[in-house]
Each structure stands twice: as structure tokens, then as C-alpha cells.
Amino acid sequence: MSFRKLALAGAAFSFAFSAPLAAQAFEKVSTRSEFVQLVSGKNLRLTGIRLNVSSTGDIQGKAYGYPVTGDWQWRGGYFCRSLSWGDKDLGDNCQEVSAKDGKIRFTSDRGAGRSAAFSLR
């Protein structure tokens, strides 16, 4: 296949799949009520981790066999939590929240740090 045909095939492939991929992008959760609606009555799951984030501000669950406890508030468009894992205090952190297709992603340090995407079940 010539370079030109390969380039055209690549462009066609990219165009054909760009709309569905864009539609599947994580979208930022901006309000407390939107966040509560997402997590209400659901468990957040990630390999080895299972959490419940209540609408009243409590966090309960387990991570790799140890209990997770904490509390949260919605401040300035961010999920701000204080968390303990077993006997370790993980401290406070405000996190950007985004969601898509039954998943919720938390990005630490107001969206500038590491992220984890949990399944909502």
C-alpha cells in the first residue's frame, strides 16, 4: 500500500471513530447535587476497593482488606474529603470529579494530580 493510501485510510479510520470516542469522554461534575445523584445508593468499585459515599457526607468501605472511613464536603466545585485507611490518616484532598457510562473518576489536587476511575454499582 502506498503512503498516500495509508494516510487516507488512517484519516478515514480516525474520522469514523472520532464522534463515538468524543461522546464517551468523561464529563466534569460541577455541583454537589449532580455528584450525590451519581453516587446515591451505589458502591464505588475498583480492584481491591469498595466504597460507599453517602449523601450526608460519610465515606465507608474497604480497600485491600482494611477499613476505609472518612467524610466529605463539596467546596468550590470539588469533592473535598478527609480519609483514613486502616490506621493510616490519608489526610485531606480536594478532587475534581468527572463521570461517564457508569464510571466516576476522581483526580486529586483539584484536577492536577493522579486519578482513579471507579465503577458505580
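**Close-up 1. Handedness of the disulfide between Cys-80 and Cys-94**. In this predicted model, the link of Cys-80 and Cys-94 is right-handed, with an angle of 110° about the S-S bond. The two sulfur atoms lie 2.1 Å apart. A disulfide is a covalent bond between the sulfur atoms of two cysteines. A search of the whole structure finds one disulfide.

Close-up 2. Cys-80 belongs to strand S6, which covers residues 78-85, and Cys-94 belongs to strand S7. The pair is 14 residues apart and links distant parts of the chain.

**Close-up 3. The salt bridge between Glu-96 and Lys-28**. The closest N and O atoms of Glu-96 and Lys-28 are 3.9 Å apart, and the cut-off for a salt bridge is within 4 Å, so the pair counts as one. The count of salt bridges comes to one. Glu-96 sits in strand S7 (residues 88-100) and Lys-28 in strand S1 (residues 27-28). These two residues are 68 residues apart, and their pairing links distant parts of the chain.

**Close-up 4. Exposure of Glu-96 and Lys-28**. Glu-96 is partly exposed, its relative accessible area being 22%. Lys-28 is also partly exposed, with a value of 43%.

Conventions
Residues numbered from 1 in each chain as written. Predicted model: local features only at pLDDT ≥ 70, side-chain atom pairs only at ≥ 80, totals over all residues. Heavy atoms only, no water. Salt bridge = Lys/Arg side-chain N within 4 Å of Asp/Glu carboxyl O. Helix = DSSP H or I, 4+ residues; strand = E, 2+ residues; numbered from the N terminus. Buried < 20%, exposed > 50% of the residue type's maximum accessible area, 1.4 Å probe, protein only. Disulfide = S-S within 2.5 Å.
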